[in-house]
Each structure stands twice: as structure tokens, then as C-alpha cells.
Amino acid sequence: MSYYRKRKTGAVLALSTVILVNLLYPTGYAGAASSTAMETIHGQVTQVETAKTSDEKIAEWNKWARDNAYRLESIQPAKTGQETDSFSDLEMLKPLLHDKRIVFLGESSHGVAEFNLAKTRLIQFLHQEMGYNVLAFESGLSNTSLANATANQQHPEQTMKNAIFGVWWSKEMMPLFDYLKTSTKTEQPLILTGFDMQLQFPLLDGKWLKDKGLANRLAHTEQKLASFSVGTDLKAYQAEKNKIIKVYQDVLQSLRSEVNQTYLQKEYPDQPKLSMLLERSLSDRIRVAREYVDLSIRATSEMNEGKYETFLDSMEWRDQAMHDNLMWLATEVYPNEKFIVWGHNDHIRKAQSEVMGSPYPITMMGEKLSEEMKKYSYVLGLYASSGQTADNTGGIHSVEPATPGSIEGIMSATNTPYSFLDLRYQNRETGNSWMFEPRFAYSWGMIPESLVPRDQYDGILMIDDVHPPQYIRSSSSDS
């Protein structure tokens, strides 16, 4: 049995329950274990504890962190109409990122208001001060691309709902989408895109097709594929599979036609990349229909029986597709632009398969990057040391107390609400040896994991006393 299979099987045994939370719908997706799974894993905490550390050593680490951490003055983004942020407390990022093409902004949970605010302010800084013009979100490629194409014409809240998964629909995200709309009127707009392949509401309705009959067929097929994806009837899906694929192939052929290219140019005159993005989205749909939906149906059926092997296979399939989309965006669509990537820590970490105790001990997007791309990337992990978070269903959970000697424990010793530490450019010494060896940390504020910080992240941003987002719920017209 390979190392990967051993790790994977071990995680499956620990992961007693995983909920595919609204895989296709705006309230969330299958990116997080349920609270039951979290509690089960938390009960196995001894499996991921790091070695015992003396109080003296922990005190030395804490002092080093206090002496070397940067303290952010604020995480509040500038809002439209407000005085421009000076970003003076973020100037320390410039020498760290001066030669980086991609900055990955992680998060230990999707349900933290302060993460949304802090990342929005970082995006404003990176865009205004360092020329990072593309924001790639852990959301659907088609949804983000179409929302970006109309961002200057509609209310920012609608752009948000059209673009990203519902786990981020909150008041704390509105400054980002206000900023996005305002930037469309400048010489250096912030371009919104995405790299996920999952179906996501609003589903494709084909408004960008001149053939409205074919657009109706597409909309009907999207609904059918979405329904099959969250179901358990594999036989019924396989009977319809080729018909579904044929519709996407017909749409792709029509999109490429000269007639439709002329129509697109007329309807979206300022969006020369939209045709490329839609072609890729449709090609993704064909691959999803051919391979991923079978995995998804089998995973759902098997999880009802307490089996999780296929679920993990589907997760790795998804991360490979996300990696491929991100690299395509960076090399084919926006080859001369610098990127900001928004996603969960699990997806962006540099060696996710080496994290002990994770529900997902698989090779995910960040680990799949080439060595060359990793060289010119900077991976920033975000953690919380106290407060409350929300899971993908909106359930509220208390952040587990920071353990002495853990990542949260060491960084919270800085006694500041917002602390940042660079890991990438540190030489090992007595005070920072913690980042070169396995340390304990909480994913989602409650899943205990053991990881070597410097192997996973280039920097860490720690936020104390976090709160769940103020969600903006969908209306009947959004679902």
C-alpha cells in the first residue's frame, strides 16, 4: 500500500461523518467536514498532538514572536467614499512580495467575519500598491467571469451573489464588491475570476448565446446535472450522461461560431476575455459530466454506509481541476498579470498531504503547483486564536482555546489583535525553531492538526477574538 493510500485510509477511519453541504447551492459546498466530523476528530486529539515541550522552550518561542511579529493597525478595508487607506502598517509586505506573481490568501474557516475584512484590506493594498490586478476566488469559473463582466452595471451585492459561494455572502464582504465596482471605472480595474469547477447557482442560463433555443436546452441541462450531482441514482445518471454531454458540446460549438462571437462582442464590448472563459467553463462541464458526477454520486451513496474513500477521491479530483484552471488563467488568459488567490488553508497549503489529523490527507491545489510556480508564490495562512466561527451550514462554534506551544498559542503571545509573521525568510534559531518542526493548530477553529508551519506557509496572519459573519441570506429569487 502506498504512503498516500495509508494516510487516506487512516483519515477515512477517523472521519466518521462528513456532510456534503449544499454542493451546488449558495449556502455552501463540500469544502468542510460537518460539526459531527469535527467533534469526532477532536476526540482523536492524541493522534495529532506534537511532542511534549518544556515551559521554558515555549516561553522562549513566545518571546521571539513578541519581538519579531508585525502588528497590524487595522483589518478594516477602506469603503467607497472614505479617505484612502495609507497602508503604512502593510509596508513590510513589499520586500517579501516584490518578486512574487501569486499571493495566496488562506483562511482556517470560511465563517469568520474578521478574515473577510482583513483579506479585503490586503487585496486593496496589493492592488493599489503592488499591481496585483487579478483576484481569483475559490468559486466557479463561469460564475465569477460572468459576474465580473457585468460588475459595473449592477449593485455590488448582486455581483457578490452571482459570483461566489454562499458561505461568503456577508456584510463583511460588501467592501470588497464595492471596491470591485469602483475599480471598473479606473485605468487599473481589479479583475474578478474563479478557479472552481463545481456547479454553482446561478447556473448557466445561456444569455450569452444568440441561439435562445439552445440557451433553454443549456439551462434545462444544468438543472438536470445539478440534481444528479447531489443524488444517489448512479444508474439513472449513466442513462442520461451522454445526452447531457451532447448538450454541452453543442453549446461549446455554438459559442465558438462566428455568429456567436459577433453577438458576444456586441453584448459585452469591454470583455474580450469572456469568450475564452466561457469556453473553458463549458469544457469543465463536459469533464465534470464525464468523470466527477459519477464520483459525487458514488461518494454520497457510500458515505451513507460510513465509507469515505470515494469522497476523498472526489476532493482530489476537484483540487486537480482547480489547480489546472488557476494555471490556465495565469498562463493563457492573464499571462502578464499578478494574481491574488482567495481560498481555504487546506487548498492553498504547500504540502497538504503531510498534515496529520486533517480530514483531507490528500494532495490539494497548492501542493500540485510546480516548483517554479511555488518559487514565485507567497502562501499566507490565516488563523484565529479565540472567539467564534461559523461552519458551512451557518452553525456557530467556539474556537478551541489556544494550546501552549501551538501556532495559535505562540502567535497570540504577541498580545495584539492582529499579528503577522513571515516564515519564508527566517533562518532557524533557538527562538523560532517551532516553525521548523511539527506544531499543533486548529482548522475551522476546532479540528486539531499537526503540521510543520514553514513547510506549509510562507507567512501567518493571526487574528484574536473572531466572530461569525453577518450573513446576507438569499431571497427566493436567488435560489
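**Entry 1: the cut-off I need**

Exposed means over 50% relative accessible area, buried means under 20%, and partly exposed is what falls in between. I keep this beside me while I look through what is a predicted model. I started with Glu 305: its relative accessible area is 55%, so I noted Glu 305 as exposed. Its salt-bridge partner is Lys 307, with the closest N and O atoms 3.5 Å apart. Lys 307 has a relative accessible area of 47%, so I wrote it down as partly exposed.

How many salt bridges does the count come to? I found 28. Some share partners: Asp 85, Asp 89 and Arg 121 are joined into one network that way.

Next I looked up Glu 138, which forms a salt bridge with Arg 318, the closest N and O atoms being 3.2 Å apart. This pair links distant parts of the chain, since Glu 138 sits in strand β3 and Arg 318 in helix α13 (residues 309–333), 180 residues apart. Are Glu 138 and Arg 318 buried or exposed? I have both down as buried.

**Entry 2: helix α7**

I moved on to helix α7, residues 156–163, and found it mostly covered, with 6 of its 8 residues buried. The buried ones are Pro 156, Thr 159, Met 160, Lys 161, Asn 162 and Ala 163. What covers the buried residues of α7? My list includes β3 (132–140), α6 (141–149), α8 (174–183) and β4 (191–196).

I then compared the two partners. Glu 157 is partly exposed, at 27% relative accessible area, whereas Lys 161 counts as buried because its relative accessibility is 7%.

I looked up how helix α10 (residues 234–256) meets helix α11 (residues 258–267), and found an angle of about 70° with the axes 5 Å apart. That angle makes α10 roughly perpendicular to α11. Ser 254, Leu 255 and Arg 256 of α10 make the contact with Glu 258, Asn 260, Gln 261 and Leu 264 of α11. Sorted by class, I have 2 nonpolar, 3 polar and 2 charged residues in this contact.

**Entry 3: Asp 346**

I found Asp 346 in helix α14, residues 345–348. With a relative accessible area of 2%, Asp 346 is buried. Its side chain makes a polar contact with the side chain of Arg 349, at 2.7 Å. I then left aside neighbours within four places in sequence, and the contacts of Asp 346 were Gln 352, Tyr 360, Met 364, Ser 443 and Glu 449.

**Entry 4: Leu 369**

Where is Leu 369? I placed Leu 369 in the loop between α15 (365–368) and α16 (371–375). Leu 369 counts as buried because its relative accessibility is 6%. Which residues is Leu 369 in contact with, leaving aside its neighbours within four places in sequence? I noted Phe 104, His 323, Met 327, Lys 374 and Ser 377. I also checked the C-alpha atoms of Leu 369 and Asp 324: they are separated by 9.3 Å, although the two residues are 45 apart along the chain.

How values were computed
Residues are numbered from 1 along each chain as its sequence is written. This is a predicted model: local features need pLDDT of at least 70, side-chain atom pairs count only at pLDDT 80 or more; totals for chains, interfaces and linings use all residues. Side-chain values use heavy atoms; hydrogens and water are left out. Buried means under 20% relative accessible area, exposed over 50%, partly exposed in between (1.4 Å probe, protein chains only). Helices (H or I, at least four residues) and strands (E, at least two) are DSSP runs, numbered from the N terminus. Contact means heavy atoms within 4.5 Å. Axes are lines fitted to C-alpha atoms, for helices over the stretch in contact, and angles run from 0 to 180 degrees between N-to-C directions. Angles under 35 degrees count as roughly parallel, over 145 as roughly antiparallel, 65 to 115 as roughly perpendicular and the rest as oblique. Ala, Val, Leu, Ile, Met, Phe, Trp, Tyr, Cys and Pro count as nonpolar, Asp, Glu, Lys and Arg as charged, and the others, Gly among them, as polar. A polar contact is a pair of N or O atoms within 3.5 Å; within protein, one must be able to donate a hydrogen and the other to accept it, and residues adjacent in sequence count only if both atoms are side-chain atoms. A salt bridge is a side-chain nitrogen of Lys or Arg within 4 Å of a carboxyl oxygen of Asp or Glu.
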